[in-house]
Every structure is written in structure tokens, then in C-alpha cells.
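Hi everyone, thanks for making time.

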Amino acid sequence: MLMAKTNIYLTLLLLLSVLKWVQSTPHSSTNYVQDACSVTRYRALCINTLAPFSTTAKTSPSKWARAGVSITIGETKKVTQYLMKVKNYRTMKGSYKIPLSDCIECLQDAIDQLHGSLGVLRKLNARNFYAQMGDITTWLSAVLTDQETCLDGFENPRGKQAKMVRNRVLRSSYFTSNALALVNKLAASGLDNTVA
């Protein structure tokens with residue numbers, strides 16, 4: 001009986017020490033993404049979507065900014081494809097026909113702005129860094145404006161389809177907001193040791 005209690009005690013002690021070691025590890029991949037996403041408004045979304053980049057981005061603000069913009073491009077493309085499909089639904093042809101067409105146009109413009117942002121993020125250099133950051137933040141702000149313009153056409157959605165359109169576009173704006181926050185973090189931290 002004493003031997004069994006000793007084994008349980010030793011096992012518990014071992015588990016506690018392992019747990020303490022894991023918690024004290026300065027930069028586990030979870031810590032990387034949590035640190036990167038700490039500046040974002042939609043933190044849980046940021047952590048969930050950017051977690052796969054933890055092992056490569058680590059503490060690099062430029063890599064996190066690129067990842068944020070890349071994820072936003074993918075999400076915005078998915079939403080645009082969805083809107084193009086929904087455009088043919090009978091329920092969307094009435095009062096939503098024009099707002100839906102406007103929305104598709106806005107999101108296609110947003111995709112162009114996002115691609116431009118990613119292109120610049122891939123070619124950052126010390127000489128033009130602050131001008132580049134200014135361009136990227138302007139473009140990402142324009143993407144948010146495009147998404148808000150799209151949402152204006154679905155302000156009080158009637159029907160299931162219209163509500164789904166609004167929710168998907170709104171969610172894509174959360175991605176953009178997070179990407180902009182990551183870019184602002186990069187701009188504030190500067191280019192030193194961030195490009196690789």
C-alpha cells in the first residue's frame with residue numbers, strides 16, 4: 001500500500017514538473033501566434049486562422065503580416081465566389097440584385113488591393129520601408145471600406161440568403177481588420193530583423 005502511494009506521489013510530482021516546464025518554455029508555437037494576435041481586434045479568429053504559421057513566422061512581424069494578408073486574400077476570394085453563386089438565386093434577384101452586383105465589384109477591387117499589399121510585403125526594404133507601410137495600410141483601409149460599402153447594401157437583410165451574404169462579408173472584414181493590425185504592428189516595430 002505504501003509503495004502504491006509512493007508511485008502515485010512520484011507520478012504526480014513528475015507530471016507537475018513537466019507541466020511547469022511546458023508553461024515556462026518561452027516561445028512555444030502557441031505563444032508565437034498569441035503574441036502576434038495580441039494586437040488584433042478579433043483575437044480568437046486570428047489565433048485560429050494563423051496558428052499553422054507559428055513554426056515559420058515565430059516572432060517576425062513581417063511574416064505575421066504576410067500571413068494575415070494571405071489568409072485575408074483566401075477568405076475574400078471565397079466570399080466573392082459565394083456571392084457570384086448566390087447572384088443566380090431567385091431570392092436574390094429582386095431588391096438585392098444591384099447591391100449584390102455592387103458587392104461583388106467591391107470585393108473584386110478588395111482582392112486587387114490585397115494582392116498589391118502582399119506583393120509589397122514580400123519586397124520590403126529598409127530604404128522605402130515607411131513609404132511601403134503607408135501604401136499597405138492605405139490599401140488595407142480601402143479593403144475595409146469596400147467591405148463596408150458592400151455591407152451597406154445588406155444593412156437590414158430580409159431572408160436567409162441575404163443574412164448569409166451579410167454574415168460572410170462581415171466575417172471577411174474581421175480578417176481584414178486583423179491583417180491591418182498585424183501590418184500596423186510591423187510598421188511600429190520597424191524592419192530590423194523582420195525580413196527573412
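Predicted model: local features only at pLDDT ≥ 70, side-chain atom pairs only at ≥ 80, totals over all residues.

Okay, the overview. The protein chain has eight helices and zero strands. There are 196 residues in the chain, and buried ones make up 40% of them. If you take contacts between residues at least 6 apart in sequence, 72% of those join residues at least 24 apart.

Now the helix pairs. Two packed helices are described by the angle between their axes and the distance between the axes. Let's start with α7 and α8, which pack at an angle of about 165°, their axes being 9 Å apart. Angles over 145 degrees count as roughly antiparallel, so that is what α7 is to α8. The residues of this contact split into 16 nonpolar, eight polar and one charged. The crossing of α7 and α8 is left-handed.

Next, α6 and α8. Here the angle is about 20° and the axes are 13 Å apart. So α6 and α8 are roughly parallel to each other. From α6 we have L100, C103, L107 and L121, and from α8 we have V165, V169, V183 and L186. What classes of residue does the contact of α6 with α8 have? Eight nonpolar, no polar and no charged.

And then there's α3, residues 43–50, which packs with α8 at about 85°, with axes 10 Å apart. That angle is why α3 and α8 count as roughly perpendicular to each other. On the α3 side you'll find L45, C46, T49 and L50, and they meet R171, Y174, F175, N178 and L182 in α8. By class, this contact of α3 with α8 has six nonpolar, two polar and one charged residues.

Let's go inside. The largest nonpolar core has 20 residues, and those touching the most other members are V69, L121, L124, M133 and V183. Which helices each supply at least two residues of this core? They are α5 (61–86), α6 (97–121), α7 (129–152) and α8 (160–189). The largest share, six residues, comes from α7. If you click on M133, you'll see that M133 touches L121, L124, V183, L186 and A187, leaving aside residues up to four places away in sequence. Apart from this core lies another one, of 16 residues, including V79, M92, Y96 and C103.

T56 sits in helix α4, residues 54–57. Is T56 buried or exposed? It counts as exposed, because its relative accessibility is 52% and the cut-off for exposed is over 50%. T56 and Y32 are 24 residues apart in sequence, and their C-alpha atoms are 9.9 Å apart in space.

Then K58, in the loop between α4 and α5. Most residues other than glycine have a negative phi. K58 is not a glycine, yet it has a positive phi of about 45°. With a relative accessible area of 42%, K58 is partly exposed.

That's my tour, so over to you for questions.

Notes:
Residues numbered from 1 in each chain as written. Heavy atoms only, no water. Core = buried A, V, L, I, M, F, W, Y, C linked by side-chain atoms within 4.5 Å. Buried < 20%, exposed > 50% of the residue type's maximum accessible area, 1.4 Å probe, protein only. Helix = DSSP H or I, 4+ residues; strand = E, 2+ residues; numbered from the N terminus. Contact = heavy atoms within 4.5 Å. Axes fitted to C-alpha atoms, helices over the stretch in contact; angles between N-to-C directions. Parallel < 35°, antiparallel > 145°, perpendicular 65-115°, else oblique. Left-handed = near helix turned anticlockwise from the far one by under 90°. Nonpolar A, V, L, I, M, F, W, Y, C, P; charged D, E, K, R; others polar.
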